[in-house]
Amino acid sequence: MQLALLQWVATVSNMNPRVSVPKIFLRGNKWYVRVQVPKSMQERLKRKEYWVSLRTSDRAEALQHATAATQKKRREISAVYRRLSAIKETFRELDSDQQIALGREAYATHVRGGADLIAEFEASNLDTLKAFTEARSETVDDLVARLRLARSDTPHIRVMAHTLMEENGIRLPEGSLAFQQLLEICADTFIEAKRNELAQLRGRAVHDAPNPHYVDTVTGGPRAYVSLGDQLAMPPEPTPSLTELMDAFLSNPNKLRTEKTKKSIRGYLGVVFQILGDDTPVDDITEEDCERVRDLIARLPPNFMKLPDAGRYTLEELADLYERKRKTRLSPTGVNNYLRWFMTFLTWCHRKGMMDRIPTAYGEIKVADPVRKEDKRAAFSNDQLSTIFTSRVYADEERDSSLFWVPLIALWNGMRSNEICQLDTADIKLEENAWGFDVTHISATGEDDKSVKTGSSIRFVPIHPRLIDFGLLEYHRTRPTNAKLFGDITRGADGYYSTNFSKKVNRYLKSIGTHGPRHKFHSFRHNFRDAMRNGRVHPEIARALGGWTRSNTDAFDIYGNGFGVEELKDEILRVDYPNVDWRVVSKLV
């Protein structure tokens, strides 16, 4: 009975820790495991991988030995690499993870080299297992007392410590905190192993208070581990590229950005990353790098990514080429768009702990702009408006063309280009005896093809009576009820209906001489804002009609919570353009 118990104890003490088993391969009639060489070591070792024979044709036996063979080979790879590279990592203090790795390895070594309890019992002069256990317990207590008295520094423990240092390719200087930590680790794990031997002699797998860092508290065997040497040999975690960080930045659920906005941001940041190098660690970006980005972008011509030479030259070469041709450069606004998003991206990286500090502030690197923001886009003059609304499209009565109606709606109702272009026929509706535009992100056709700029953009806008006089409702009645209001407008590649229309309308405005640096389709919205000021439209209702974002201090609500349709209708009547020639449009009614 006693012999059977000791055999069970021996079996438990030799149990392997639970570890993931590497994948094995049958080559010929033998099983092998493939061990890859870390990329950082491949050039020095002239190898990418090793095939290690498990010396058996039995799959179960191969699986049993695969983990140990893999760990052994990794240790060998690490040792060879460190020897060839003359690398011996020096530690003066071990962190908690390093202590655990060394402790698990030390405990596994103690368990593997543990005493043969059966042989010792049979060789002893003791008649019973109980007597043998009691004698063994006294011996362990004496060993523990001597280790504690020597502060874990005994010849046996020193040998163990130096063996661990050699096998892991590390150096812990004598007298350093790290060396004392290692001595204590070796002593503590030795004591753990001896106490577990006693537990097994008493018929238990584990003693009363095992150290869970080192001991599998179910079996008493060593916990799975990756040696410190193997950890040091592993290549560092790859640094994410700037593009990968940008993808995470744009996926931030705290920000609601349209696909069009995301595409623009990708364009801005893509140019910045091209200058910095996409593999540059974000924490390495300096103030000088930010200034270099600014200075190069400021030398580039407008729309430089669309130039025929763009694919043949670097950005630096492209800037040099077009400077020699004396071409115009990007406007300060254009340059600052790149810099603003660049600094927004860096601020996000800093907030996420990827940077110790933000290298500079947007205000420190932005380009000074001599043109005031309010002067960048101007409203069309009365003469320009007269030219537009007496031009060919209106003179030829092209009522089925979006070129006819979209500019009129933009001028008289102040809606944004995409808000008008994406309108469904069903978005013109009668509310409280007033015809109006239902500006919404929900499509009446059942497709996901509409968007709004901000929450304030969702609104009901009474149609200006002049548009009704010009025949908008008659045109509306000719359109299919489940279709888009303007059938000749197609969605752009970015998903926006305004994309293709903008190109078309701006070409038309250019052809009639009303398009310029400060005058584009968006100028109609400036005209609408000026007309509301001139008509003394209530400022809060003006914001509601135009869908302008409210500031944090605004305490009003738009239609649905604040202003009724009647109020909105009364105020929009104040919008007028008395000095514009409307004779051509009026004759068409």
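Three strands make up an open sheet in the order β6-β7-β8, with antiparallel pairing; strands here are DSSP runs of E with at least two residues, helices are runs of H or I with at least four, both numbered from the N terminus, and two strands pair if DSSP finds at least two bridges between them. The edges are taken by β6 (428-431) and β8 (459-462), each of which has a single partner strand, so one side of each goes without a neighbour in the sheet. On average, neighbouring strands are turned by 45° against each other, direction ignored. All of this comes from a predicted model, in which local features need pLDDT of at least 70 and side-chain atom pairs count only at pLDDT 80 or more, while totals for chains, interfaces and linings use all residues. Residues are numbered from 1 along each chain as its sequence is written, and side-chain values use heavy atoms, with hydrogens and water left out.

Within the sheet, β7 (residues 434-439) pairs with β8 in the antiparallel sense over 4 bridges, and G436 sits opposite P462 in β8. Helix α25 (residues 565-572) packs on the sheet and touches β6, β7 and β8, contact being heavy atoms within 4.5 Å. The direction of α25 makes about 50° with that of β8; axes are lines fitted to C-alpha atoms, for helices over the stretch in contact, and angles run from 0 to 180 degrees between N-to-C directions.

Helix α25 also has a helical partner. The axes of α24 (residues 539-546) and α25 come within 10 Å and cross at roughly 95°. The two helices are therefore roughly perpendicular to each other (65 to 115 degrees; under 35 is roughly parallel, over 145 roughly antiparallel, and the rest oblique). From α24, I541, A544 and L545 meet E567, L568, E571 and I572 of α25. That contact splits into 5 nonpolar, no polar and 2 charged residues.

Leaving aside residues up to four places away in sequence, I420 touches V406, I409, A410, M415 and F486. I420 and L485 are 65 residues apart in sequence, yet their C-alpha atoms are 8.9 Å apart in space.

D289, in helix α12 (residues 287-297), is buried too, with a relative accessible area of 16%. A polar atom of the D289 side chain lies 3.0 Å from the backbone nitrogen of T286. D289 touches L276 and D284, again not counting residues up to four places away in sequence.

Conventions. Buried means under 20% relative accessible area, exposed over 50%, partly exposed in between (1.4 Å probe, protein chains only). A polar contact is a pair of N or O atoms within 3.5 Å; within protein, one must be able to donate a hydrogen and the other to accept it, and residues adjacent in sequence count only if both atoms are side-chain atoms. Ala, Val, Leu, Ile, Met, Phe, Trp, Tyr, Cys and Pro count as nonpolar, Asp, Glu, Lys and Arg as charged, and the others, Gly among them, as polar.
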